[in-house]
Amino acid sequence: MMLLICAAFARPLSYEDALRAAEDANPQVSSARYDLQAAEARAWAARGIWDPAFSMSVGRSFNISEGSFSGFATHNETTSVSWNAGLAQTLPTGTSWSLDLSNGASTSFYDIDQLGVTDALFAQGTGSLSLGVSQQLLEGHRMAYNLEVVRRAETARSYAEAQLRMQRQSILLDVSRAYFELVYADAALDVAARAVEVVTEERRIVQAQVVAGNLAPVEATRVEAA
């Protein structure tokens with residue numbers, strides 16, 4: 001793993017870079033991170049049921065009708081406009097309240113040509129304001145019961161966070177071991193290379209001394225073995 005990371009960076013890798021690269025490339029850490037995000041979203045959704053909700057609607061209608069009145073043909077055009085706004089909330093105590101405001105208006109035009117009545121205007125409007133409050137009397141009146149879903153979501157989020165930390169610590173431990181083993185191996189290789197250089201130079205000197213007759217031939221055999 002460390003060799004692959006070093007090859008990917010194509011340069012000497014610092015300890016911090018190695019930890020960061022391993023964490024980003026580890027599928028278990030990525031999976032645990034996504035699980036934590038999902039658990040946080042579920043926790044937000046569970047708490048959201050206690051948030052107030054606002055609703056609003058607007059409507060408009062247009063109606064044309066043909067009829068008769070006392071034997072006379074009539075033409076009627078009616079335009080209606082209505083709107084409604086509401087605000088509601090459920091509290092952890094089991095109390096629910098709602099506030100609704102509605103308004104409507106309609107305008108009608110009548111034409112009775114035989115009577116000389118043209119565009120007779122009729123208008124009307126309505127409005128209402130209502131406030132409602134309700135309280136649960138059975139299990140719903142206990143906050144412990146109502147907040148059970150929130151507690152479960154928070155527990156799941158804490159568990160997912162702990163799983164992410166465990167996965168991160170596990171991969172960081174493995175990378176730390178591999179990194180320093182690689183550092184040690186590189187240092188040992190450097191020491192061995194220097195030892196070879198020293199022995200090679202000693203062999204050159206001993207062989208020269210043997211040729212000059214200053215040392216016995218057995219010394220050449222020793223340095224060759226070294």
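This is a predicted model: local features need pLDDT of at least 70, side-chain atom pairs count only at pLDDT 80 or more; totals for chains, interfaces and linings use all residues.

Student: Which residues form the nonpolar patch on the surface?
Tutor: The patch is formed by Phe-54, Met-56, Val-58, Trp-83, Leu-87, Leu-99, Leu-101, Leu-129, Leu-131 and Val-133, which together have about 1000 Å² of accessible area.

Student: And which elements give two or more residues to it?
Tutor: Strand S1 (53–69), strand S2 (72–90), strand S3 (95–112) and strand S4 (117–135) do.

Student: Where does Trp-83 lie?
Tutor: Trp-83 belongs to strand S2.

Student: Why does Trp-83 count as partly exposed?
Tutor: Its relative accessible area is 32%, and the partly exposed class runs between the limits of 20% for buried and 50% for exposed.

Student: How many residues does helix H5 have, and how far does it reach?
Tutor: Helix H5 covers residues 148–212, which is 65 residues, and spans 96 Å from its first C-alpha to its last. This is close to the 96 Å expected at 1.5 Å a residue.

Student: What follows H5?
Tutor: Gly-213 comes after H5, and its phi is positive, near 85 degrees.

Student: Now the interior. What percentage of the residues count as buried?
Tutor: Of the 226 residues in the protein chain, 20% are buried. In H5, the buried residues include Ala-160, Leu-164, Ile-171, Leu-172, Val-175 and Tyr-179.

Student: Which residues have the most contacts inside the largest nonpolar core?
Tutor: Leu-164, Ile-171 and Val-175 do, in a core of 13 residues. Helix H2 (15–25), helix H3 (27–48) and H5 each supply at least two residues of this core. H5 gives the largest share, six residues.

Student: Beyond its neighbours within four places in sequence, what is Leu-164 in contact with?
Tutor: Leu-164 is in contact with Val-29, Ala-32, Arg-33 and Leu-36.

Student: Which residues does the second core include?
Tutor: The second core is separate and has five residues, among them Ala-43, Trp-50, Val-150 and Ala-153. Val-150 and Ala-153 are also among the buried residues of H5.

Note on methods:
Residues are numbered from 1 along each chain as its sequence is written. Side-chain values use heavy atoms; hydrogens and water are left out. Buried means under 20% relative accessible area, exposed over 50%, partly exposed in between (1.4 Å probe, protein chains only). Patches are made of residues with over 30% relative accessible area and no salt bridge: like charges are joined within 9 Å, nonpolar side chains (Val, Leu, Ile, Met, Phe, Trp, Tyr) within 5 Å. Accessible areas come from the Shrake-Rupley method with a 1.4 Å probe; for residues, only the protein chains shown count as cover. A salt bridge is a side-chain nitrogen of Lys or Arg within 4 Å of a carboxyl oxygen of Asp or Glu. Helices (H or I, at least four residues) and strands (E, at least two) are DSSP runs, numbered from the N terminus. The expected span of a helix is 1.5 Å times one less than its number of residues. A nonpolar core is a set of buried Ala, Val, Leu, Ile, Met, Phe, Trp, Tyr and Cys residues joined through side-chain atoms within 4.5 Å. Contact means heavy atoms within 4.5 Å.
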